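Please keep the sequence and the structure in view while reading.

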Amino acid sequence: MSEIRKLDLAWLGLVLLSVGGAALGGRPDAGLGVTALVALVMGIKVRIVCDHYLELPTATRRIRRAMYAFCYGMPIVVILTSAFGDTLARLTGALI
Amino acid sequence: MSYAITVPDSPPAAGRIPGSKAMWVGIFCEVTEFALMFAVYFIARAHHPEIFRAGPERLSLLAGTGYTLMLLTSGWCVARAVHAMRASRQSACLRWLIGAFVFGLGYPVIKLFEIRWNLAHGLDGDAGVFIVTYYYLSFNHLIHVFWGLLGMIWVMLRTATGSYSAEEYAGLESFAVYWHTTDIIWLMIFPLFYVLR
């Protein structure tokens, strides 16, 4: 498959994931499972942009690792703060 | 007389710096800035979980999805422009950049309508911690989109005047890298404020 074809499919995948991900917003009863799903969709979309738009697989190791750390860190933090929000509130009580 | 140059559609060589080193310094500054703002979001959310759980239903999901589609499509056009330049197709590159600009402009246009909608629904700076955090992050992102649109005008002018070639297009690619990073930041903001309950 050509690089341009992959890029076009990446865009199509991103559009579908965005519309599908938005549909999760209609659920008022979101538990940890839905939060994890939202985080997963976020992680997949960001990875697609990194790989096909930014072309990170061809970038130097330092750039690639730093960007992936940020991109994977966010969905993980979403899940962790949802699961351990009370602990975070206790630890940061002095800031508020 | 015109010459058709055929360049294999293959990925660039591995181990390179896409765009320029200076742009990546700027990008890591941008990423650090947003990481700190996301930290503010998570701390505020941890302290006010009920307010943040109810927050997304106060915002327009249609506007949020609209921003996402505009930015993703604009980013796709920019990526296609870079591919066109690599294949020495300057005029195609310019057309893709014009497309990217039109879709990129969709972002501030939707923002205009959303702000009017928000204010009509009482969502101003006194509307609580969720809305204040939302304005704080989304306006910062809007500023980055504005920088990107200005940069896009610059690379369009440079492309139109033949300043880039298949051998030398680091300026175009540097802009592309910035624009895609702005995309990535939005892909994180969108679920935090419009989707996550």
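## A loop residue in chain A

With a relative accessibility of 12%, A:Glu55 counts as buried, where buried means under 20% relative accessible area, exposed means over 50%, and partly exposed lies in between (1.4 Å probe, protein chains only). The model is a predicted one, in which local features need pLDDT of at least 70 and side-chain atom pairs count only at pLDDT 80 or more, while totals for chains, interfaces and linings use all residues. Residues are numbered from 1 along each chain as its sequence is written, chains are lettered from A and ligands numbered from 1 in the order in which they are written, and side-chain values use heavy atoms, with hydrogens and water left out.

**Exercise 1.** Find where A:Glu55 is placed in chain A, and state the value that its phi is near.

*Solution.* Begin with the place: A:Glu55 belongs to the loop between α2 and α3 (61-83) of chain A. Helices (H or I, at least four residues) and strands (E, at least two) are DSSP runs, numbered from the N terminus. Then take the backbone angle: phi of A:Glu55 is near 55°, which is a positive value in a residue other than glycine.

## Chain A as a whole

**Exercise 2.** Describe the make-up of chain A, and explain why it is more spread out than a compact globule.

*Solution.* Next come the dimensions, for the C-alpha trace of chain A spans about 50 × 35 × 20 Å along its principal axes. Finally, 43% of the 96 residues in chain A are buried.

**Exercise 3.** Compare the UniProt feature "transmembrane region" in chain A with the helix content of the residues concerned.

*Solution.* The UniProt record, an unreviewed entry, places this feature at residues 35-54 and 66-85 of chain A; such positions are given in the numbering used here, feature names are shortened, and annotations may be inferred rather than shown by experiment. Residues 35-54 of chain A are 95% helix and 0% strand, with end C-alpha atoms 27 Å apart. Residues 66-85 of chain A are likewise 95% helix and 0% strand, and their end C-alpha atoms are 26 Å apart.

**Exercise 4.** Locate A:Leu37, and decide whether it counts as buried, partly exposed or exposed.

*Solution.* A:Leu37 sits in helix α2 (residues 32-53) of chain A, and because its relative accessibility is 39%, A:Leu37 counts as partly exposed. A:Leu37 is 42 residues from A:Ile79 in sequence, while their C-alpha atoms are 9.4 Å apart in space.

## Chain B

**Exercise 5.** State the make-up and the extent of chain B.

*Solution.* Chain B has six helices and zero strands, running α-α-α-α-α-α from the N terminus on. Its C-alpha trace spans about 65 × 35 × 25 Å along the principal axes, and 55% of the 197 residues of chain B count as buried. Turning to contacts (heavy atoms within 4.5 Å), residues 24 or more positions apart account for 84% of those in chain B with a separation of 6 or more.

**Exercise 6.** Which residues does B:Ser74 touch, not counting residues up to four places away in sequence?

*Solution.* B:Ser74 lies in helix α3 (residues 61-86) of chain B, and with a relative accessible area of 0% B:Ser74 is buried. Leaving out residues up to four places away in sequence, B:Ser74 touches B:Ala100, B:Phe103, B:Gly104, B:Met152 and B:Trp179.

**Exercise 7.** Is B:Ser88 buried or partly exposed?

*Solution.* Phi of B:Ser88 is near 65°, a positive value in a residue other than glycine. At a relative accessible area of 22%, B:Ser88 is partly exposed.

Terms used:
Rg over C-alpha atoms; globule rule 2.2 N^0.38 Å.
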